Amino acid sequence: MVLDQPLRSFFMQLAKSKPLNKAAKKWGLKFGARQFVAGQTLEEAMATVIDLNNKGLVCTLDHLGEFVTEEQEALDSTEACLDVLRAINETGADCNLSVKLTQLGLDIDESFCLKNMKRIVQTARSFGIFVRIDMEDYAHCEQTLRILEKLRNEYDGVGTVIQAYLHRAEEDVRSLKGVPLRLVKGAYKESAEVALQEKALIDENYFNIIRLHLDNGSYTAIASHDHHIIEKVKTYAAENRIPKSQFEFQMLYGFRETLQKELLEQGYKVRLYVPFGTDWFGYFMRRLAERPQNIAFALRGFFSK
Ligand code: FDA
């Protein structure tokens with residue numbers, strides 16, 4: 001679609017708008033966001049997780065949050081993550097936790113963020129729940145890997161995400177042998193200095209790092225809606241006798257339900273990334289930017305209000 005690029009930039013700009021993100025917290029879920037966000041409260045999100053579990057899907061919960069610049073906001077986000085862990089433990093849901101370090105104060109101070117993460121990781125360890133640190137933009141990559149290393153000294157149930165578009169991706173995957181990684185193509189706009197720019201090259205490197213981590217014997221989460229990649233992984237694993245227990249497919253809540261079902265029927269593990277909370281606007285705008293076809297949902301939602 002010729003309009004794809006301008007539309008992508010438009011939605012990325014909206015995602016970054018502080019006033020809109022702030023205002024949207026008071027609107028409730030609008031414009032069809034409910035398709036991709038599992039509610040505003042933890043109770044709603046847990047009900048969704050249980051429902052997905054009953055369908056055979058496992059989950060990771062993400063408490064949404066944008067633009068955290070005040071210590072109190074980071075402390076509130078930390079509490080929200082602890083509440084998620086307690087709810088998973090109490091309900092016995094098959095679910096883990098995904099976190100973003102900027103939400104936990106990374107832009108305020110790295111050691112403050114580490115302290116918040118340590119509280120989360122200690123609670124997760126006491127419940128035996130895995131914690132995934134999402135990877136944000138390149139500016140936070142080094143800090144994220146540094147914090148990961150410190151946390152893994154205390155609990156090996158912590159992992160992160162490596163983005164295939166980064167030139168450093170292969171080296172990072174090699175040095176993180178044995179660490180459970182979620183591998184993705186990469187969602188942020190990065191310069192040619194640090195990241196591949198062409199889709200074909202990103203796809204090639206994506207498959208390359210997936211193969212590398214699988215060949216290393218490490219647990220690998222392939223987080224993609226791209227059926228071409230998913231097919232290649234299935235074939236590669238079968239040909240190289242990599243057991244289905246060594247990897248899982250991950251998708252975002254609200255995406256490609258037929259494909260999820262097919263994978264489940266074929267005996268693969270499928271985990272859904274389930275976001276929730278009042279701070280939904282930026283996440284929703286990024287999903288529209290990624291795939292302008294999703295705008296149809298948004299327009300339907302807009303006109304039905
Ligand atoms: P891509 O968008 O490249 O699509 C490839 C092809 O797949 C399309 O051309 C189309 O044919 C098909 N396709 C894709 N979506 C479809 C749909 N909805 N319906 C039908 N066909 C479709 N990023 C990041 O930087 N840090 C992170 O921590 C994470 N975490 C994360 C977790 C999970 C669970 C997922 C799924 C993704 C992320 N990402 C991420 C985002 C990731 O980096 C990437 O931006 C998006 O997943 C989009 O890339 P895809 O690999 O899904 O396919």
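Me: Which residues surround the ligand, and which are the closest?

Reply: A residue is near a molecule if its C-beta atom, placed from the backbone, lies within 6 Å of it. Here 21 residues surround the ligand, and the closest are Asp134, Val184, Ala187, Ser224 and His225. Two elements give two or more residues to this shell, strand 4 (158-163) and strand 7 (247-252); helices (H or I, at least four residues) and strands (E, at least two) are DSSP runs, numbered from the N terminus. Strand 7 provides the largest share, three residues. Please note that this is a predicted model, in which local features need pLDDT of at least 70 and side-chain atom pairs count only at pLDDT 80 or more, while totals for chains, interfaces and linings use all residues. Residues are numbered from 1 along each chain as its sequence is written.

Me: What is the make-up of the shell around the ligand by class?

Reply: Ala, Val, Leu, Ile, Met, Phe, Trp, Tyr, Cys and Pro count as nonpolar, Asp, Glu, Lys and Arg as charged, and the others, Gly among them, as polar. On this basis the shell holds ten nonpolar, five polar and six charged residues.

Me: Which positions does the UniProt annotation "binding site" cover, and where do Met135 and Gln163 lie?

Reply: UniProt positions are given in the numbering used here, feature names are shortened, and annotations may be inferred rather than shown by experiment. In the unreviewed entry, one "binding site" annotation covers Met135, Gln163, Lys185, Gly186, Ala187, Lys199, Ser224 and His225. Met135 is placed in the loop between strand 3 (131-133) and helix 6 (141-152), whereas Gln163 belongs to strand 4.

Me: Are Met135 and Gln163 buried or exposed?

Reply: A residue is buried if 20 or more other C-beta atoms lie within 10 Å of its own, exposed if 12 or fewer, and partly exposed in between. Met135 counts as buried because it has 25 C-beta neighbours inside 10 Å; Gln163 is buried, with 27 other C-beta atoms within 10 Å. Contact means C-beta atoms within 7 Å. Leaving aside neighbours within four places in sequence, Gln163 is in contact with Met135, Ala169, Val184, Lys185 and Gly186.

Me: How many residues form the largest nonpolar core, and where does this core lie?

Reply: In soluble globular proteins, nonpolar side chains tend to be buried together. A nonpolar core is a set of buried Ala, Val, Leu, Ile, Met, Phe, Trp, Tyr and Cys residues joined through C-beta atoms within 7 Å. The largest one has 79 residues, and those with the most contacts inside it include Leu97, Trp280 and Phe284. Helix 11 (residues 281-290) gives the most to this core, six residues. Domain 1 (1-21 + 29-37 + 280-305) and domain 2 (57-279) both contribute, so the core lies between them.

Me: How many residues does each domain give to the contact?

Reply: Domain bounds come from an automatic or database domain assignment. The centres of domain 1 and domain 2, taken over C-alpha atoms, are separated by 23 Å. The contact takes eleven residues from domain 1 and 13 residues from domain 2. On the side of domain 1, helix 2 (18-27) and helix 11 each give two or more residues, and helix 11 has the largest share, four residues.

Me: Which residues of helix 11 carry an annotation?

Reply: A further UniProt "binding site" annotation, also from the unreviewed entry, covers Lys100, Arg286 and Arg287. Arg286 counts as partly exposed, with 18 C-beta neighbours inside 10 Å, whereas Arg287 is buried, with 23.

Conventions:
Contact = placed C-beta atoms within 7 Å.
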